[in-house]
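Subject: Structure handover

Hello,

Here is the structure for your files. My notes on it follow below.

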Amino acid sequence: MQIATWNVNSLKVRLPQVLDWLAAHPIDVLCLQETKLIDERFPAAELEAAGYHAVFSGQPTYNGVAILCRRDTVGAPTEVVIGNPLFADEQKRLISATVAGLQVVCAYFPNGQAVGSDKYDYKLRWLDALINWITPQLEAEALTPHAARLPLALLGDFNIAPAAEDVHDPVAWAGQVLCSEPERERFQKLISAGFVDSFRQFQQPERSFSWWDYRQLGFRRNAGLRIDHILLDRLSAQRLTACRIDREPRKLQQPSDHAPVIAELA
DNA sequence: ATGGCCCGTAGAACGGGA
């Protein structure tokens, strides 16, 4: 079973690339962020024709998330939840569903704009609410190891580079948004609660990133950040056999600024 | 030193992204 996350920066523009990518890779569950589409305009029919069920939550212009599920392998998602029950939010950044016995949470974390800004405060509050919602679900397992609970995967654009090795120029980015200590602290809270960073469970190429600025020839210079992640709880991490970033779509004409991340579960 | 691109909404610039 392959699960993946990709910030497409407008699904309207990127739909042909998404369809090509799915045709070329055996992806069972694909989490999308920044669809930038209201639900009425979501290309459900095109995806259905390509063999994928979709659940989605969008708004005009900004944000928007979706989970695509391959019909002939994992089937339709169930138990769909839009948003965080603990955090009233106008912005469509969160959708979760049960897919083939796995609880999949697809998240588009706030960017935060600049440390100290209103958007940064919103980001920290959003992060705290996510932690408060998700981590008790893991603690339930710790208290009663045999309690019936589905394995849980949290995928998405976290807008957090967890460590210096996830940043092309850690000195220039020190303390900046995406790299600031309060953000990294919250990422570590998720790890402490029992999630593992799939990507770091394996030997990886040095300077591996998932986002590159459109400006300044960012991709050509590999001046990027690793901000898109697949976190797995203990139950799903036991099944993890591989994780990689697919840089190929970033090389296409008119690419998203993010590359997809793929994890393989046995 | 600053910003350099891309997208959506527009129907010109501008907000937002990271």
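The surface near DNA strand B has nine polar, seven nonpolar and six charged residues. Near means that the C-beta atom, placed from the backbone, lies within 6 Å of the strand. Ala, Val, Leu, Ile, Met, Phe, Trp, Tyr, Cys and Pro count as nonpolar, Asp, Glu, Lys and Arg as charged, and the others, Gly among them, as polar. Ser 10, Lys 12, Asn 111, Tyr 214 and Arg 215 come nearest of the 22 residues around DNA strand B.

This is a predicted model: local features need pLDDT of at least 70, side-chain atom pairs count only at pLDDT 80 or more, and totals for chains, interfaces and linings use all residues. Residues are numbered from 1 along each chain as its sequence is written, while chains are lettered from A and ligands numbered from 1 in the order in which they are written.

Six strands form an open sheet with mixed pairing, in the order E5-E6-E7-E8-E12-E9. Strands (E, at least two residues) and helices (H or I, at least four) are DSSP runs, numbered from the N terminus, and two strands pair if DSSP finds at least two bridges between them. Strands E8 (residues 152–157) and E12 (residues 228–232) run antiparallel, joined by five bridges. Leu 155 has Ile 230 in E12 as its bridge partner.

In helix H5, Glu 183, Phe 187 and Leu 190 are buried (20 or more other C-beta atoms within 10 Å of the residue's own; exposed is 12 or fewer, partly exposed in between, with C-beta atoms placed from the backbone). Seen down the axis of H5, the buried residues fall within an arc of 50°, so they line one face of the helix; the arc is that of the directions from the helix axis to the C-beta atoms. Glu 181, Pro 182, Glu 185 and Ser 192 are exposed on the other side of H5.

Regards
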